[in-house]
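Subject: Structure for your review

Dear colleague,

Please find below the structure that I am handing over to you. I would be grateful if you could read the notes after it alongside the coordinates.

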Amino acid sequence: MAYRSLREFTDRLQAAGELVRVARELDPHLEIAALAAALVRRGGPALLCENVRGSRFPLLIGAYAGARRMAWALGVDDLAEHARAIEELVRTQPPAGMMDKLRMLPKLARVAQAAPKRVGGRAPCQEVVMEPPDLGLLPIMTCWPRDGGPFVTMPVVITKDPDTGVRNLGMYRMQLYGPRETGMHWQLYKTGRRHYQRARELGRRVDVAVVLGGDPVLAYAATAPLPDGVDELLLAGFLRRKPVELVPCKTIDLEVPACADFVLEGYVDPAEPMRPEGPFGDHTGYYTPVVPYPVFHVTAITHRRDAIYPSTVVGPPPMEDAWLGKATERLFLPLLKTTVPGLVDMNLPIEGVFHNLAIVSIRKSEPHQARKLCYALWGLGQMATAKCVVVVDEDVNVHDLREVTWRALTSIDPKRDVFFADGTIDELDHASCGLGFGGKIGIDATRKLPEEGYTREWMEVCRTEPQVARRVEGVLKEIGL
Ligand SMILES: Cc1cc2nc3c(=O)[nH]c(=O)nc-3n(C[C@H](O)[C@H](O)[C@H](O)COP(=O)(O)O)c2cc1C
């Protein structure tokens, strides 16, 4: 399902009892964030704050914070539907005959529909042109007491590769500096950052469009770790089974989704010195320090007449971003499997804040395969920031942390199976001595082979025989337990 607007999505959430409207006045300074964080912790609904102090626009928060809401945001009832479709797509072989070709048609149609398309007419996102543009009119939240100020926390930031013109969408927070100025938190190794650096080499400024709201698939697509050079709008179109309709911006050379609630048009000038950004209570659960980042200058703000401002709060897990991360874990697993042979399943536990811990299971077919897999992950896109990788055999359920603890700890000889490496670390990590580079740990908790120096007998897990287990189920029922 494709949503025509964020309002259509909020209506759906409300009809399903997954959203509460709050009519009383709420303060964007600390209060809404604290409320949203408390709600996430107790598995509560999304909030539509209709009366935000100092702004006429309603604020939506928590829209992705739950398995059902996350799946609905991506147009399905269960994310497994998308994971299956992606798996089928990547497994597609060239057709061997007529029947094969016919069978491929629906898949090909879905891919063909994925490409965004330019449309004419008046776009909803440009119903109102704010004169003069003033970010102070938006309900921008300050989330944590030591934050450096208010931050836009759910921006979909659009730029183009200065050489190829290929579009990129990324979610990068923006600290409010003034009515037409914000920070642009383009971290190391991110595509937006690379566009900025390349533009600096070319002596050009970077046109930037920031989209807020619209179909909720857009914000997810912006967070998805697609390779540099692949337009995230293709992923959005694939997931919503309908092209994202685009309209040209009014003051810069970029196109934006017509369904957006707000569009902030502007630029970043690499010739301008960076400006201190932060501190910010981040998704690691700690504040990130003040670090210089580029400045975004707003040249125009357009919006829907009935625009909703989307927001989120990150902090000590679990927070709303956990569900966005879990969606990526599920949707990108089929793609990872194509580059990492033997990979079966993966769990990035929420408390590991995405990059601190990856538990992966493998179908082990060769000696030292676990190490090979760790090094493969440490060289692969955003997985490269994984600080600790635990590798278990395929019969371990990686999503059951009790089972992982039991099986991993019984299967390792720490001196033999724990190994260290150096590599890329998330820029938000405060434990490494250097910024963006540090130590990694791999734990090979798979069954050991003679070729790995293990010549004793590897012991089997004790399991009840299936027919006995079935009988026991009957007995339990009979005795009322
Ligand atoms: C709520 C949320 C906020 C985020 N904020 C930032 C940020 O401020 N800076 C950043 O570089 N990445 C941030 N990310 C992660 C990026 O959006 C993510 O790594 C994305 O894949 C980057 O896209 P890119 O590979 O096209 O650069 C955030 C993710 C989420 C879910």
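The model is predicted: local features need pLDDT of at least 70, side-chain atom pairs count only at pLDDT 80 or more, and totals for chains, interfaces and linings use all residues. Residues are numbered from 1 along each chain as its sequence is written, and side-chain values use heavy atoms, with hydrogens and water left out.

Ligand site

The shell around the ligand has 19 residues, of which Met171, Tyr172, His185, Thr191 and Gln382 come nearest; a residue is near if one of its heavy atoms lies within 4 Å of the molecule. By class, the shell divides into seven nonpolar, nine polar and three charged residues. Here Ala, Val, Leu, Ile, Met, Phe, Trp, Tyr, Cys and Pro count as nonpolar, Asp, Glu, Lys and Arg as charged, and the others, Gly among them, as polar. Strand 8 (167-170), helix 6 (191-202) and helix 7 (217-223) each supply at least two residues of this shell, and strand 8 gives the most, with three. Helices (H or I, at least four residues) and strands (E, at least two) are DSSP runs, numbered from the N terminus.

Oxygen atoms of the ligand lie 2.6 Å from a polar side-chain atom of Tyr172, 2.8 Å from one of Gln382 and 3.4 Å from a side-chain N or O atom of Glu232. The ligand on its own has 630 Å² of accessible area, and the protein covers 89% of this (Shrake-Rupley method, 1.4 Å probe).

Aromatic rings

There are 10 aromatic pairs in the structure. Rings of Phe, Tyr and Trp (its six-membered ring) pair if their centres lie within 6.5 Å; planes under 30 degrees apart count as stacked, over 60 as edge-to-face and the rest as tilted. Phe262 and Tyr309 are edge-to-face, 6.4 Å centre to centre with 75° between the planes. Phe262 lies in strand 14 (residues 262-268) and Tyr309 in strand 20 (residues 309-311), so this pair ties together parts that are 47 residues apart in sequence. Both Phe262 and Tyr309 are buried (under 20% relative accessible area; exposed is over 50%, partly exposed in between; 1.4 Å probe, protein chains only). Ring pairs also link Phe57 with Phe262 and Tyr309 into a cluster.

Tyr375 and Trp378 form another edge-to-face pair, at 5.6 Å and 80°. Tyr375 is partly exposed at 45% relative accessibility, whereas Trp378 is buried at 10%.

Polar contact

Glu452, in the loop between strand 25 (437-444) and helix 13 (466-478), is buried at 12% relative accessibility. Its side chain makes a polar contact with that of Lys364 (3.0 Å). A polar contact is a pair of N or O atoms within 3.5 Å; within protein, one must be able to donate a hydrogen and the other to accept it, and residues adjacent in sequence count only if both atoms are side-chain atoms.

Backbone

Cis peptide bonds join Gly278 to Pro279, with omega about -5°, and Pro317 to Pro318, with omega about 0°. Val353, although not a glycine, has a positive phi near 40°; Val353 is buried, with a relative accessible area of 5%.

Yours sincerely
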